[in-house]
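Open the model in your viewer and keep the selection tool ready.

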Amino acid sequence: MEGETFLWLIRHAPVDGAAGTIHANDAPADLGDRAQLEALRRCLPRNAASYASPARRTVETARALGLDAVLVPEFGEQNFGDWTGRRHDELAASGGEAYAQFWSDAARGRPPGGESFEDQVARVRLGLARIGAGPATLVVHSGTIRAALCIALDLTPQAALRFVIEPLSMTRIDRLATGWRVGSVNQRIS
């Protein structure tokens with residue numbers, strides 16, 4: 001890939017739904033924090049390419065930021081398969097050995113019918129390869145940002161899961177000719 005790429009990764013707004021739920025792609029965003037959305041909008045580069053996961057919450061967040069984002073399936077959140085739409089407390093109580101075993105090795109574990117975080121890292125790597133030189137804004141998920149940090153810092157997927165990525169936070173990474181550079185992680189803009 002020719003040239004350097006400068007990435008502004010924004011985690012979508014909180015989900016407008018029950019806390020503790022593994023939300024489906026059609027879960028809406030809670031866009032009530034107008035001050036934070038405006039602060040983010042002001043710090044994003046003008047005339048940058050913009051991308052988003054095809055999930056409803058990322059698309060709605062991108063629009064609230066004034067972005068006309070290209071939807072990139074590779075930037076979707078980890079697929080939790082049969083657990084999608086269910087609450088973590090319910091799964092812990094009734095999920096049996098599969099749920100407990102998943103959390104004992106969350107980087108390699110696969111929910112029934114889903115994918116591992118390692119799978120997500122591989123998928124995000126393909127998505128990042130599609131982004132050309134110059135500035136780009138990505139409105140994505142916490143797992144997608146963790147995967148990008150895993151790639152940029154050459155971390156194990158297990159280590160990358162330690163990052164906290166809050167809703168409406170910004171992470172800055174750059175793909176340079178000499179390798180990756182991380183400017184900030186989970187930054188709250190005010």
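## Start at leucine 138

Select leucine 138: leaving aside residues up to four places away in sequence, it touches Leu7, Trp8, Leu9, Ile10, Tyr51, Phe75, Leu128 and Ile131. Contact here means heavy atoms within 4.5 Å. This is a predicted model, in which local features need pLDDT of at least 70 and side-chain atom pairs count only at pLDDT 80 or more, while totals for chains, interfaces and linings use all residues. Residues are numbered from 1 along each chain as its sequence is written, and side-chain values use heavy atoms, with hydrogens and water left out.

## The cores

Next, select Leu7, Phe75, Leu128, Ile131 and Leu138, which touch the most other members among the 23 residues of the largest nonpolar core. Such a core is a set of buried Ala, Val, Leu, Ile, Met, Phe, Trp, Tyr and Cys residues joined through side-chain atoms within 4.5 Å. Two or more residues of this core come from each of β1, α5 (117-129), β4 and α6. The largest share, 7 residues, is from α6. A second, separate core has 18 residues, including Ala13, Leu31, Ala52 and Leu168. In soluble globular proteins, nonpolar side chains tend to be buried together.

Now select residues 134-140, strand β4, where 6 of the 7 residues are buried. Buried means under 20% relative accessible area, exposed over 50%, and partly exposed in between (1.4 Å probe, protein chains only). Helices (H or I, at least four residues) and strands (E, at least two) are DSSP runs, numbered from the N terminus.

Two strands pair if DSSP finds at least two bridges between them.

Which residue of β4 is the bridge partner of serine 50? It is threonine 137. Tryptophan 8 stands opposite threonine 137 as well.

## Two positive phi values

Go to aspartate 154, in the loop between α6 (142-153) and α7 (157-160). Its phi is near 55 degrees, a positive value in a residue other than glycine. Is aspartate 154 buried or exposed? Aspartate 154 counts as exposed because its relative accessibility is 69%.

The last stop is asparagine 186, in strand β6 (residues 179-187). Phi of asparagine 186 is also positive, near 55 degrees, and this residue is likewise not a glycine. With 23% relative accessibility, asparagine 186 counts as partly exposed.
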